[in-house]
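Trainee: I have this one open and would like to go through it with you. Could we take it piece by piece?

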Amino acid sequence: MAYWPHWLVVVVVAPLVGAVLAPVVGRGRPKVVALWALAAMGVTSLAALNLIVRVAEDGPFSYDMGGWEPPVGIELRFDEFGASVGIICLLGMLALLFSYRYAEHTLPTERVPYYYSLMLLNLTGLIGFVVTGDLFNLFVFMEILSLSGYALVAVSGERIAEMAAFKYLVMGAVSSLLVLFSIGVLYSVTGSLNMADVAARLGDWGARSPAMLALAGLSLGFMVKAAIFPVHIWLPDAHAIAPSPVSAILSGLVVKVGVLGMLRVYQIFYAAETLDLTGLNTLLVWLGAISIVMGAFFAIFQEDVKMMLAYSTISNVGYIMMGLGLASSYGLIGATVHVFNHALIKATLFLSAGAMIYRTGYRTLHDLRGVGKAMPITTIALSIGAISIVGIPPTAGFLCKWYIALGAFQADQPFFGVALVFGALFIFVYYIRMVNAFYFQPATHPEIAEVSEAPLSMLVPVIILATLCLVMGILGRIPLSFIEPAVTRMLAPLGG
Amino acid sequence: MIEALWNNLDYAASVVLFLIGLYAVIAKNNLVKKFMGLNIMETAVFAFIVALGVVEGGDAPIHGPDAHPPFTNPLPQALILTGIVVAVSTTALALSLIIRIHRQCGTIEADELREME
Amino acid sequence: MEVVDIRPMLAPLISFVCAGLVFATGRAAFWRRFWSLAAAVAKLAVVMSMLPGALRGTVYVFKLVDFTPGVGLGFRADALGMFFAVVSSTLWIFTTIYAIGYMEREHSRMRFFGFFALCVSTTVGIAFAENLLTLFLFYETLTICTYPLVIHEETPEAFKAGRKYLTYTLIGGAFVLIGTVVVYNLTGTLSLAHPGILTSSIDTGTLGLLFVALIAGFGVKAAIMPLHGWLPSAMVAPTPVSALLHAVAVVKAGAFGVLRVIYNVFGVELLRDLPFAHVLAYLAAFTIVTASFIALFQDNIKRRLAYSTISQLSYIVLGAALLTPLAATAAIVHIANQAFAKITMFFVAGAIQRTTGKTCVHELAGIGYRMPYTMAAFTIAALSFIGVPLFAGFVTKWYLSLGALEAGDWWFVVVLIASALLNAAYWLPIVYLAYFKAPPGTTMRVAEARPTLLVPTLICAGYVLLLGTTANVPGMPFSLARAAVQFVFGM
């Protein structure tokens with residue numbers, strides 16, 4: 001089947017154009033700019049859909065910008081991992097829809113257009129990061145999404161928000177520099193910036209110290225972005241204080257940049273077959289396990305709902321990193337699928353928590369007691385998200401737990417399978433607290449009973465996401481069969 | 001060892017700069033100083049990458065009647081141009097954040113800010 | 001003979017839909033009751049419609065979706081699963097009627113009936129699980145669905161019990177998950193359609209750890225000592241919930257899981273060559289005696305019932321662990337025998353509490369004068385637990401003793417006799433108190449519980465007699481148990 005080749009450009013350019021024009025279009029008209037942003041993401045989603053259908057039928061393909069062939073020209077590349085564009089578009093659309101009322105409520109009117117502009121820029125960065133085949137562009141897109149991310153954290157203008165944004169910015173900038181430095185090293189070694197090309201040329205080079213240095217720099221940089229323990233310190237404040245739709249995007253997608261970055265690193269270095277990655281794998285598995293436990297441990301002592309959710313992100317990134325580090329096919333499948341599923345689940349949680357905060361004005365468990373009776377649909381959605389993230393079957397979260405645990409046994413490291421399953425129990429503890437407070441404990445503030453259900457523009461995204469949390473658990477084969485060939489290809493050099 | 005270092009003086013210098021910057025980021029208490037450390041790190045990385053493209057006795061890679069090889073590698077320079085743009089926007093964002101923190105809290109010392117939390 | 005049929009999936013689905021309808025329309029008492037009862041009847045009808053086929057040896061299979069090649073959501077109604085399903089869906093009707101009467105003045109009734117239906121849905125799901133993953137799925141869901149029921153009172157004590165319940169059962173669930181993962185990693189299948197999927201080519205150490213993981217996982221809900229701690233605390237729940245937890249759903253799910261692990265995952269053949277089952281048998285024997293001892297000293301009726309449950313459940317585990325056909329028959333049949341007798345007792349305890357407000361054994365003096373029918377039902381259940389012939393419990397004890405002798409372990413018979421004596425020692429005093437220790441001046445003034453409480457109690461007591469006297473009549477659940485045993489032992 002023939003495809004219009006330029007969709008791969010559209011998917012990056014459409015949100016970018018939307019972002020640039022948003023302040024112009026939406027001057028003083030917050031409703032219009034919201035619709036404008038949604039339209040931009042609509043076009044992007046259309047393009048993304050097209051690309052995903054194409055990759056499902058024909059396998060990976062690439063697009064040479066301006067007709068220049070790589071390694072000279074800049075290449076956009078779309079493989080099975082690129083299908084994460086789909087989830088980016090979906091979450092982007094839903095978060096923007098959610099913002100329709102939320103942004104107006106939390107921000108001064110004159111800032112609303114800039115908010116949408118930043119959101120679209122962030123999504124541009126994410127999509128670009130996924131589809132680029134060029135290392136330097138990888139860095140540029142990463143910076144686009146990071147910078148807009150820092151600004152989005154601070155957008156509410158509260159004192160704590162600005163401090164959180166600053167902390168995030170410093171950590172983020174250091175990690176970006178590490179990545180840029182490593183890209184420079186890789187360029188000096190191979191003379192190329194195209195990822196496929198770098199992988200091929202590294203193979204000729206042998207295991208030399210510059211390649212090691214690049215590997216270390218890239219891994220460390222992406223670990224900071226992924227907020228794995230112990231370099232997670234920037235995450236809780238930033239994710240908890242940002243406006244809820246932003247938290248959903250940051251926690252669901254932006255953190256995954258670190259993970260996808262690690263995936264790219266693995267793609268390059270596995271294909272190069274020059275370095276023994278066992279050390280890195282061991283490190284990732286251990287850090288993953290520690291992150292799961294520590295994330296859960298810190299979350300138990302939080303009172304603020306969004307703080308709990310932020311710490312739970314650390315645990316979940318721990319799952320994913322563990323899956324990557326296991327370097328077995330099941331582990332890798334579990335990790336990649338969890339990139340999708342965790343995005344869905346965490347967005348459900350943050351958006352429904354956001355709806356509660358929007359309606360009640362409270363954000364601690366103690367204050368939110370009894371909200372389950374006042375906002376039944378939102379609370380059910382949040383509970384579904386909670387059940388899913390803890391990994392109770394048949395929800396989306398279970399699938400990843402199952403695969404990563406299976407991957408641990410497959411890789412003959414049963415300890416980590418056990419650690420994962422029991423680590424998940426820790427996570428249960430604070431979600432039970434949450435559900436107890438919302439449903440079973442008597443209300444602290446009696447007036448909470450008079451709060452009405454969230455407005456439709458918030459309810460719709462929350463319901464869609466919660467439904468997907470359930471459906472993706474049962475229909476888990478779809479993303480799975482999609483990812484499998486890519487994983488097999490990636491692990492082929494290992495003989496597994 | 002020393003010889004290797006001497007031959008790669010440009011790389012060594014950028015690593016040292018990088019570490020100086022990192023030290024400032026971690027150890028300085030003042031947010032502006034922290035950020036200056038970050039800028040030093042940026043400069044170090046930029047210098048490193050530009051140094052990659054240097055060719056002994058190379059000329060500026062500008063096409064024209066006077067141009068004659070060898071040329072220095074133009075690619076790293078082009079990259080760093082982009083890198084500088086990114087760095088400038090980071091700086092702008094950070095400074096505006098610092099200004100607003102100062103306006104609201106009256107201080108930009110990290111320890112005092114932590115106490116206020 | 002395997003037949004593709006939607007009914008094994010329909011059965012859990014009915015209660016699931018019922019739960020949805022209750023949540024949607026349950027603010028009105030009428031609809032709440034209507035949906036609960038209609039679903040209970042519909043479900044029993046679906047399960048019963050499979051009974052003739054199951055007795056002829058037909059196995060109904062329905063595969064829904066695959067998560068990964070060969071593993072997915074699948075339903076399979078074989079003889080063992082049918083047995084459990086018949087018992088639980090029969091009891092659901094009675095418990096629902098009873099709960100309608102019992103909960104009349106309680107708060108949050110919509111939540112109660114909704115989760116009640118979900119529990120039964122998952123229980124039948126466990127019965128009809130085609131593979132270990134589906135079994136785990138429903139096992140874990142059951143934990144979640146019972147939590148709102150356990151903490152229904154919303155008192156600090158209830159929350160404490162709820163926490164304890166979740167801690168025990170979720171850790172158990174984690175063990176089951178690990179076991180499931182290991183089985184899949186070793187064999188590439190999780191199907192429960194064979195008499196054993198593990199083989200002796202796997203090294204013994206791994207098999208041992210696997211056995212421990214799976215049995216510990218299911219053993220938590222089956223309350224094998226020392227994993228029983230949650231059960232007595234969970235007594236704070238309303239009585240219909242206790243009945244559901246103790247007789248129908250939760251504990252039986254654990255016991256059923258143990259049966260599946262022994263018969264369908266490991267297989268009798270393999271376990272005979274390994275020492276693990278023997279250890280389990282000793283553990284079960286220990287539980288039988290110790291729990292009975294503890295029960296002797298409980299004054300609260302429901303707590304005494306709880307320890308009795310712990311003791312009775314280990315009959316099932318012991319029967320399974322003996323690995324002989326007769327003991328297996330006893331184990332399977334005891335699912336029904338214990339369920340009907342125990343639910344009768346809980347109904348009685350609840351009826352007494354609702355009618356007179358009494359919750360302790362020593363307050364029961366002379367209660368037989370006031371509630372003669374209720375106490376008659378209690379007496380029947382008590383005699384069944386003691387193992388008097390003509391009552392359901394006797395059938396279990398008889399076959400279990402034969403099974404123990406068949407296995408060459410005569411001293412398990414001693415354990416059974418000791419247990420019978422202990423049962424007599426803690427049940428008969430209640431009967432005695434009720435009828436013969438009336439305070440002076442008590443006259444025969446009948447003030448029975450209201451019909452919604454009394455009728456289910458009497459019917460369940462009637463079942464206890466029926467199971468005891470007509471075990472061998474064709475068409476009774478007993479023949480299902482026999483079919484299951486024949487499959488497991490390849491006879």
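**Strands, helices and chain contacts**

Mentor: Let us begin with strand E2 (residues 75-78) of chain A, where Glu75(A) and Arg77(A) point one way and Leu76(A) and Phe78(A) the other way, and all are buried. Please keep in mind throughout that this is a predicted model.

Trainee: Which strand is joined to E2(A), and by how many bridges?

Mentor: Strand E1 (residues 61-64) of chain A is joined to E2(A) by 4 bridges, and the two run antiparallel. Within that pairing, Phe61(A) is the residue that stands opposite Phe78(A) of E2(A).

Trainee: On to the helices, then. How far does H8(A) reach from its first C-alpha to its last?

Mentor: H8(A) reaches 25 Å over its 18 residues, which is close to the 26 Å expected at 1.5 Å a residue.

Trainee: What follows H8(A)?

Mentor: Ala227(A) follows, and its phi is positive, near 60°. Ile228(A) also belongs to this region, being placed in the loop between helix H8 (209-226) and helix H9 (235-241) of chain A.

Trainee: Is Ile228(A) buried or exposed, and why?

Mentor: Ile228(A) counts as buried because it has 28 C-beta neighbours inside 10 Å, where 20 or more are required.

Trainee: Which residues is Ile228(A) in contact with, leaving aside its neighbours within four places in sequence?

Mentor: On that basis Ile228(A) is in contact with Met223(A), Leu287(A), Ser291(A), Val317(A), Gly318(A) and Met321(A). Along the chain, Leu284(A) is 56 residues apart from Ile228(A), yet their C-alpha atoms are separated by 9.2 Å.

Trainee: Now a residue inside a helix. Where is Ile427(A) found?

Mentor: Ile427(A) is found in helix H18 of chain A, and it counts as buried because 27 C-beta neighbours lie inside 10 Å. Beyond its neighbours within four places in sequence, Ile427(A) is in contact with Ala296(A), Ser312(A), Ser315(A), Ile389(A) and Val390(A).

Trainee: Let's switch to the chains. Which chains share the most contacts?

Mentor: Of the 2 pairs of chains in contact, it is chains A and B that share the most contacts. There, 23 residues of chain A are in contact with 25 residues of chain B. On the chain A side, the elements that give two or more residues are helix H5 (135-154) and helix H6 (159-190), and H6(A) gives the most, with 16 residues.

Trainee: What classes of residue does that side have?

Mentor: The side of chain A that touches chain B has 18 nonpolar, 2 polar and 3 charged residues.

Trainee: And how many residues of chain A are in contact with chain C?

Mentor: For that pair, 23 residues of chain A are in contact with 23 residues of chain C. Helix H17 (396-410), helix H18 (414-440) and helix H20 (477-491) of chain A each supply at least two residues of that side, and H18(A) gives the most, with 9 residues. By class, the side of chain A that touches chain C divides into 18 nonpolar, 4 polar and 1 charged.

Trainee: How far apart are chain B and chain C at their nearest C-alpha atoms?

Mentor: They are 34 Å apart there, and the two chains do not touch.

Trainee: What is the secondary structure of chain B?

Mentor: Chain B comes to 5 helices and 0 strands. Its radius of gyration is 19 Å, well over the 13 Å that the globule rule gives for 117 residues, so chain B is more spread out than a compact globule. The C-alpha trace of chain B spans about 60 × 40 × 15 Å along its principal axes, and 25% of its 117 residues count as buried.

Trainee: Last topic, the largest nonpolar core. Which residues have the most contacts inside it?

Mentor: Phe83(C) and Val317(C) have the most contacts inside that core, which has 443 residues. Not counting residues up to four places away in sequence, Phe83(C) touches Ile332(C), Ile335(C), Pro477(C), Leu480(C), Ala481(C) and Ala484(C).

Terms used:
Residues numbered from 1 in each chain as written. Chains lettered and ligands numbered in written order. Predicted model: local features only at pLDDT ≥ 70, side-chain atom pairs only at ≥ 80, totals over all residues. Contact = placed C-beta atoms within 7 Å. Nonpolar A, V, L, I, M, F, W, Y, C, P; charged D, E, K, R; others polar. Buried ≥ 20, exposed ≤ 12 C-beta atoms within 10 Å, placed from the backbone. Core = buried A, V, L, I, M, F, W, Y, C linked by C-beta atoms within 7 Å. Rg over C-alpha atoms; globule rule 2.2 N^0.38 Å. Pairing = 2+ DSSP bridges. Expected span 1.5 Å × (residues − 1).
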